[in-house]
Amino acid sequence: MIRTLSGLSFRASGAAKPTKDFTTRRLHSTYDVAVVGGGIVGLATVRELILRHPSLSFVLLEKEKELAAHQSGHNSGVIHSGIYYTPGSLKARLCVRGATLAYEYCEKKGLPYKKCGKLIVALEHEEIPRLQALYERGMKNNVRDLSIIDAKGIREREPFCRGLMALDSPYTGIVDWRKVALRYGQDFEEAGGTVVTDAEVNDITAVTESPAGSSDGMKYPIAVRDKKGNEVRCRYVLTCGGLYSDRLSQISGCSSEPRIVPFRGDYLVLKPEKHYLVKGNIYPVPDPRFPFLGVHFTPRMDGSVWLGPNAVLAFKREGYKVYDFNVQDFADALSYRGLQKLVMKNITYGIGEMYRGIFIGAQVKILQKYIPELSLSDVLRGPAGVRAQALDRDGKLVDDFVFDGGVGDVGSRVLHVRNAPSPAATSSLAIAEMVADEVESRFVL
């Protein structure tokens, strides 16, 4: 779903480059473009825009004290190759191109990564047709070096893994996505952009008069304000709010749907003396009856190995612990008809996910199907991540990109990235190209 905006145009203004001492001059700061959200999508996009339009002034506003503090820094760290997605879909194209761009970027910037590969393993005969369908889908998506291997091939790739057949994707890799995101931010600042942290935006409005003491007139007709009352004046606004993308959109008069529902994923970690059990990523064959991929084995750049995750409703949008709770987030989620329908359609699955989150032995039992040598004493409770899952009112997961604008005077100058679904980190540079291309194809530069 892409809503057409009208009247938005990016033109070089000749404005002076913004001061780095932004905090002390915030009430009088003006920029051509303000980007809200300092996660990997926002950072990649603002980087792409400033590289294309160096004569414009840009500011990035992030509510946390550090960049890439949430989804960008709490994920599995996988560079996905594009196997799972519908051939020809935007999601498939962006993932395949994004993976290529990610590897090239890491090489250029000297960021460490590993092409450790991935096996999608069929344990039962009834999974083999689904595995073969995944292979065909991957081939249609132009995934590199994809092949199907038998049980012997599985043991050659993963000596401790058991299965009947597997899809082998050697192009899949791992990287520390937070380090990548922070490097995007460094590129942006080196190109002349300004990054402001600890600025939680809660108001985006059209103004009717110029800032006090300004001689620019109505050149900067949009005011972006944070919860502390500080204000930025700008010509255009782009939001990439992740877990808060729906609320940022509503600020400028957009629909409340699709709604963001937070799902927490709890990982286990292998004890260091058991790292030898896993060489690369080991994934299950997805079950189409359920909305998530299922538990898997994921090596990390720091040498650790993560197992999981499960997927349970988070009681707080940024709640990484079981008991993290926010009244508004919890009420918004439970009162949403879309979530109610999703729960009713997957109630058995959901109960199982909660059970496995509490009793880790149940999760280990599933993992043992792939690596029989694994035991409960080999694992510890690990970190968690929270996924911003967009959900429509029918209880369907919104599985592609959603853009929206506001209404009235604000609407012609605001663009919201309301949903950038997984694997947004892998696709981040390709998403950035897409957003910039959308601007350039629709509006006069």
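**Entry 1**

I start with a definition: a helix axis here is a line fitted to the C-alpha atoms over the stretch in contact, and angles run from 0 to 180 degrees between N-to-C directions. I also note at the outset that this is a predicted model.

With that in hand, I looked up how α8 and α9 meet. Their axes are 5 Å apart, and the packing angle is about 65°. Angles of 65 to 115 degrees count as roughly perpendicular, so α8 is roughly perpendicular to α9. On the α8 side the contact is made by A333, L334 and S335, and on the α9 side by R337, L339 and Q340. I sorted these by class and got three nonpolar, two polar and one charged residues.

**Entry 1: K345 in α9**

I stayed with α9, which covers residues 337-345, and picked K345 in this helix. Is K345 buried or exposed? K345 is exposed, because its relative accessible area is 51% and the cut-off for exposed is over 50%. I then left out neighbours within four places in sequence and asked what K345 is in contact with. The list is D394, G395 and K396. I also checked K345 against F290: the two are 55 residues apart in sequence, and their C-alpha atoms are 9.4 Å apart in space.

**Entry 2: helices α10 and α11**

Next came α10 (residues 347-358) and α11 (residues 360-367). The angle between them is about 105° and the axes are 4 Å apart, so these two helices are also roughly perpendicular to each other. From α10, the residues making the contact are Y355, R356, G357 and I358. From α11, they are I360, A362, Q363 and I366. By class I noted five nonpolar, two polar and one charged.

**Entry 3: the second largest pocket**

The largest share comes from α10, with nine residues. By class, the lining divides into 23 nonpolar, seven polar and six charged residues.

**Entry 4: cis peptide bonds**

I went through the backbone for cis peptide bonds and wrote down two places. One joins E257 and P258, with omega about 0°. P258 is found in the loop between α7 (245-251) and β13. Another joins S422 and P423, with omega about 10°. P423 has its place in the loop between β20 (414-419) and α13 (428-442).

A68 has phi near 55° and lies in the loop between β2 (58-61) and β3 (78-79). A68 counts as buried because its relative accessible area is 2%, and the cut-off is under 20%.

D198 also has a positive phi, of about 60°, without being a glycine. D198 lies in the loop between β9 (194-196) and β10 (201-206). Its relative accessible area is 29%, so D198 is partly exposed.

I251 is partly exposed, at 27% relative accessibility. Not counting residues up to four places away in sequence, I251 touches V201, N202, D203 and I204. For a distance check I took T348: it is 97 residues from I251 along the chain, and the C-alpha atoms are separated by 36 Å.

Where does E124 have its place? It is in the loop between β5 (118-122) and α4 (128-140). E124 is partly exposed, with a relative accessible area of 43%. Between E124 and G352 there are 20 Å from C-alpha to C-alpha, and the two are 228 residues apart along the chain.

Key: Residues are numbered from 1 along each chain as its sequence is written. This is a predicted model: local features need pLDDT of at least 70, side-chain atom pairs count only at pLDDT 80 or more; totals for chains, interfaces and linings use all residues. Side-chain values use heavy atoms; hydrogens and water are left out. Buried means under 20% relative accessible area, exposed over 50%, partly exposed in between (1.4 Å probe, protein chains only). Contact means heavy atoms within 4.5 Å. Angles under 35 degrees count as roughly parallel, over 145 as roughly antiparallel, 65 to 115 as roughly perpendicular and the rest as oblique. Ala, Val, Leu, Ile, Met, Phe, Trp, Tyr, Cys and Pro count as nonpolar, Asp, Glu, Lys and Arg as charged, and the others, Gly among them, as polar.
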